[in-house]
Amino acid sequence: MDSAMSAHPGDMLALAGVTPSIGRIPVENISSLAKGAFGDRGIIPLWFGEGDLRAPAFIGEAMARAVADGHVFYTHQNGIPPLREALAEYLTGLGDRSISPDRITATTSGMHAILMAVRLTAEAGDTVVVIDPCWPNAGAITEVLGVGVRSVGMDHSSAGWTLDLDKVRAALDATVRSVFFASPANPTGAMIPIETQAALLNICRARGIWLIADEVYNRLAFGVRAAPTILDHTEVEDRVLVTNSFSKSWAMTGWRLGWMVHPPSVGPTLAMLTQYTTSGIATFIQHAGVAAVREGEPFVAFMRGYCEAGMAIVCEALERFGRVRLGPRPVAGMYAFFEVEGMPDSRQACLTILDQTRVGLAPGAFFGPGSEGLLRACVCRSPADLREAMGRLEKMLG
């Protein structure tokens with residue numbers, strides 16, 4: 001052990017000097033649970049929201065051309081005009097409303113979009129209502145920013161996951177500045193009916209509350225070109241922010257590129273936030289995003305089918321296992337979310353399953369109160385990998 005480290009008791013470590021609000025946030029997450037297994041080829045990693053497909057070659061080629069053409073300098077803080085224009089046309093073609101480029105801000109990942117959405121709408125002393133089960137980063141970044149988080153859990157029954165709007169209304173006190181939801185959702189794969197989303201928007205409108213919608217999985221809704229979007233029910237200056245990412249539909253997790261749809265009036269403020277958080281996205285990555293949007297529809301369709309096929313393999317297996325309770329199959333996304341009889345502690349369950357089967361799963365405890373007894377498996381992998389993983393799990397859970 002380092003002598004300088006050993007000379008300090010715990011309360012003298014530099015860690016003791018971090019701000020209390022940050023120090024209280026648990027450091028454990030899916031990545032920390034999996035870190036001991038990185039690089040172990042004997043493990044089938046179903047714990048992350050990442051498949052085994054690479055982005056198509058034309059996206060990398062567009063990036064290389066952009067570098068060769070000298071697109072390596074500072075640029076517009078809301079994103080380069082070609083990317084904003086491409087995204088505006090793309091979104092207009094998906095929905096029923098026209099989306100103009102001045103409503104688009106490019107971000108350094110979907111995570112950065114959520115960070116800016118929360119920071120734009122709430123500060124210390126305020127509260128953000130998070131509808132869960134939900135990707136843990138949404139609530140965690142709210143806490144990192146010093147803003148309170150209030151959970152409103154979706155109901156889970158034989159009918160699947162449903163949102164009770166009366167529970168949302170009951171959570172909206174004077175401190176609430178925004179409501180965050182995702183549809184399709186991670187980890188449940190559930191889609192909130194568009195009529196319910198529109199009613200939620202009306203509730204927020206009546207109270208002057210912002211609505212933040214995460215639509216990262218909107219192109220991975222099975223059987224349709226795209227999931228319904230709240231943008232089809234918004235007016236231009238509604239207090240609505242919609243976050244999205246290139247990570248899932250275009251298999252660009254490592255590229256770190258996302259975007260936000262927002263009222264035009266907040267565009268300059270988002271440019272300022274970009275300046276003071278990342279100073280902008282690498283220009284050549286944005287050119288890769290243009291190529292993805294302009295040329296990537298065949299790949300998006302393939303990715304949707306890849307996830308749907310993977311979901312069928314995983315769910316057919318889980319439905320056979322005597323100890324597993326799955327419920328209705330997810331209709332979108334890239335995850336199966338299920339319970340295992342006799343394993344109420346999802347974190348320990350994942351560790352035990354990893355040790356005995358060499359299959360990596362994510363604990364439901366990370367996805368919000370009420371999910372402690374559930375496990376998440378990513379289905380965006382090759383059929384061979386998924387069948388092997390299910391075969392290993394069957395020996396323990398079958």
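**Close-up views of the predicted model**

**View 1. Strand β10 and its partners.** Within β10, W259 is the bridge partner of N244, and β9 and β10 run antiparallel, joined by four bridges. The model is a predicted one, in which local features need pLDDT of at least 70 and side-chain atom pairs count only at pLDDT 80 or more, whereas totals for chains, interfaces and linings use all residues. Residues are numbered from 1 along each chain as its sequence is written, and side-chain values use heavy atoms, with hydrogens and water left out. Helices (H or I, at least four residues) and strands (E, at least two) are DSSP runs numbered from the N terminus. Another partner of β10 (residues 258-261) is β2, paired with it in the antiparallel sense over four bridges, and the bridge partner of I104 in β10 is V261. G258 and M260 point one way from β10 while W259 and V261 point the other way, and all are buried; buried means under 20% relative accessible area, exposed over 50%, and partly exposed in between, with a 1.4 Å probe and protein chains only.

View 2. T105 stands opposite M260 in β10.

**View 3. The nonpolar cores.** A nonpolar core is a set of buried Ala, Val, Leu, Ile, Met, Phe, Trp, Tyr and Cys residues joined through side-chain atoms within 4.5 Å. In the largest of these cores, which has 63 residues, I131, L211 and F246 touch the most other members. Not counting residues up to four places away in sequence, L211 touches V179, F181, L200, L201, C204, I230, R239, V240 and L241, contact meaning heavy atoms within 4.5 Å. Another core, of 43 residues, lies apart from the largest one and includes F222, M303, V359 and A389.

**View 4. The four-stranded antiparallel sheet.** This open sheet has the order β11-β12-β15-β14, and its pairing is antiparallel. Its edges are β11 (324-325) and β14 (362-363), each with a single partner strand, so one side of each is left without a neighbour in the sheet. Strands β12 (residues 335-340) and β15 (residues 374-378) pair in the antiparallel sense over five bridges, and F337 stands opposite R376 in β15. Helix α12 (residues 297-320) lies across β11 and β12, running at about 10 degrees to β12, whereas helix α13 (residues 346-357) lies across β14 and β15 and runs at about 50 degrees to β15.

View 5. The structure holds zero disulfides, a disulfide being a pair of cysteine sulfur atoms within 2.5 Å. C307 is in no disulfide, and the nearest cysteine sulfur, that of C380, is 3.8 Å away; C307 is buried, with a relative accessible area of 0%. C350 is likewise in no disulfide, the nearest cysteine sulfur being that of C378, 14 Å away, and C350 is buried with a relative accessible area of 4%.

**View 6. A190 in its loop.** A190 sits in the loop between β7 and α9 (194-207) and is buried, with a relative accessible area of 12%. Leaving aside its neighbours within four places in sequence, A190 is in contact with W161, S183, P184 and A185. The C-alpha atoms of A190 and V331 are separated by 6.4 Å, although these residues are 141 residues apart along the chain.

**View 7. The whole chain, for orientation.** The protein chain has 14 helices and 15 strands, and buried residues make up 53% of its 398 residues. Its C-alpha atoms fill a box of roughly 55 × 55 × 50 Å, taken along the principal axes.

Technical notes
Pairing = 2+ DSSP bridges. Axes fitted to C-alpha atoms, helices over the stretch in contact; angles between N-to-C directions.
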